[in-house]
Amino acid sequence: MQAPGQGRFLLTGASGWFGRTALWEYEQRYGPEALRSEVVAFASRAKTIDFGSPHGAIPALPLDSIGSIEEPRGLLHLAFLTRDQLEHLDVNSYIAANRQITSHVEQLIRQYPRLPIITTSSGAAAALDQGQQDLNNNPYASLKQEEERLWRKLADGRMALVFRVYAASGRFLKSPKLFALGDFVDKAVKGNTIVINSRRPVLRSYVHVGTLMQLCWALLRQPLPPGFQQIDACTDSLSLTELAEVISKMWGLPTPQYEVDQSLSPDRYVADGKGFADLLQRYQLRTPDLEEQIRETASCFQ
């Protein structure tokens, strides 16, 4: 008898923004029956996940049961406590919770040394590339780097990819007030003038989460040759003033209000998207243009 999950893809963090998008995109591309027969979803606990499908929600298993799945086909690891969870947890609890997540996943990928694996990291980890880890003062970035090192360490004999995400757009955006794009779109939908408070120029690189998830699934279905790759996931780099102007024009709002001093050192959270663009071309995937991304993000507020 075939064990539950055998030959299927494993998705962790299925109830989060990226996880729900991954479910949505798999169903859109491969169909509702394929999603429910080919993907095993995991969350922090057993639950039902509503991802906006007309075919209904899907069940998710608790993450600590992931090791019970026999002979999986690939892993898309999206489980992680985001930075904003530090508002509710002390640093030590936050560190312990994320390391527990990583531990469950590590046991699985050690058990299957040829299993193709993909995870998402953060542009925040890039700031530590040339410096020392600062676990207590920057636990989110430091722990993301720990997972990146794990992927590199366990890459022999398998495709092991890390996508570093800087800023993102798309459906299922959580806590929009935490992100400039979400804040701007929220104001636009309500018909309010967009206000930028920063005096410094602010630059961001965006990726459409739906496109990223499409690419992850395509890579797991047709893996690259074995080895580790770390890729910056981004397609559109622009300043927040440019972003505010685009959104204001789309909704017919007044000119955004800001007093940016171009002589000040910019707040740069940007990357080179060439490697990501090359993979999109290789797998014949198209990313929506910026206005399409913004309109999809706006669906979170309507």
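In strand β5 (74-77), the bridge partner of L11 is L76. Two strands are taken as paired if DSSP finds at least two bridges between them; strands (E, at least two residues) and helices (H or I, at least four) are DSSP runs, numbered from the N terminus. The model is a predicted one, in which local features need pLDDT of at least 70 and side-chain atom pairs count only at pLDDT 80 or more, while totals for chains, interfaces and linings use all residues. Residues are numbered from 1 along each chain as its sequence is written, and side-chain values use heavy atoms, with hydrogens and water left out.

Strands of a sheet pair through backbone hydrogen bonds, in either a parallel or an antiparallel manner. Here, β1 and β5 are part of an open sheet of 8 strands with mixed pairing, ordered β3-β4-β2-β1-β5-β6-β7-β10. The edges are formed by β3 (47-49) and β10; each has a single partner strand, so one side of each lacks a neighbour in the sheet. From one strand to the next, the twist averages 25°; angles run from 0 to 180 degrees between N-to-C directions, and axes are lines fitted to C-alpha atoms, for helices over the stretch in contact.

Helices are placed against this sheet. Helix α3 lies across β1, β5 and β6, and runs at about 165° to β5. Helix α6 (residues 209-221) also packs on the sheet, where it touches β1, β2 (39-43), β5, β6, β7 and β10; its direction makes about 175° with that of β7. Contact is defined as heavy atoms within 4.5 Å.

Helix α4 (residues 139-153) comprises 15 residues and reaches 21 Å from its first C-alpha to its last, close to the 21 Å expected; the expected span is 1.5 Å times one less than the number of residues. This helix is mostly covered, with 11 of its 15 residues buried. Buried means under 20% relative accessible area, exposed over 50%, and partly exposed in between (1.4 Å probe, protein chains only). Among the buried residues of α4 are Y140, L143, K144, L150 and W151. Their cover includes β5, α3 (91-111), β6 (117-122), β7 (159-165) and β10 (227-233).

The nonpolar interior was examined next. In soluble globular proteins, nonpolar side chains tend to be buried together. A nonpolar core is a set of buried Ala, Val, Leu, Ile, Met, Phe, Trp, Tyr and Cys residues joined through side-chain atoms within 4.5 Å. The largest such core has 66 residues, of which L76, F163, L212 and L219 touch the most other members. Helix α6 gives the most to this core, with 9 residues. Another core, of 21 residues, lies apart from it and includes L10, L75, I109 and V162. Leaving aside neighbours within four places in sequence, L76 is in contact with L10, L11, T12, A22, I118, M213, C216, W217 and L220.

Two further buried positions illustrate the surroundings of the sheet. T120, in strand β6, is buried, with a relative accessible area of 6%. Apart from neighbours within four places in sequence, T120 is in contact with F18, H77, L78, K144, F163, L212 and M213. L63 is found in the loop between β4 (58-62) and β5 and is buried, at a relative accessible area of 7%. With neighbours within four places in sequence again left aside, the contacts of L63 are T12, F42, A43, S44, I101 and H104.

Backbone geometry was also considered. Most residues other than glycine have a negative phi. F172, although not a glycine, has a positive phi of about 70°; F172 is placed in the loop between β8 (167-169) and α5 (180-189) and counts as buried at 14% relative accessibility. Q284, also not a glycine, has a positive phi of about 55°. The loop between α8 (274-282) and α9 (290-298) holds Q284, which is exposed, with a relative accessible area of 73%.

For the whole protein chain, there are 9 helices and 12 strands, and buried residues make up 51% of the 302 residues. Residues 24 or more positions apart account for 79% of the contacts with a separation of 6 or more. The C-alpha trace spans about 65 × 45 × 40 Å along its principal axes.
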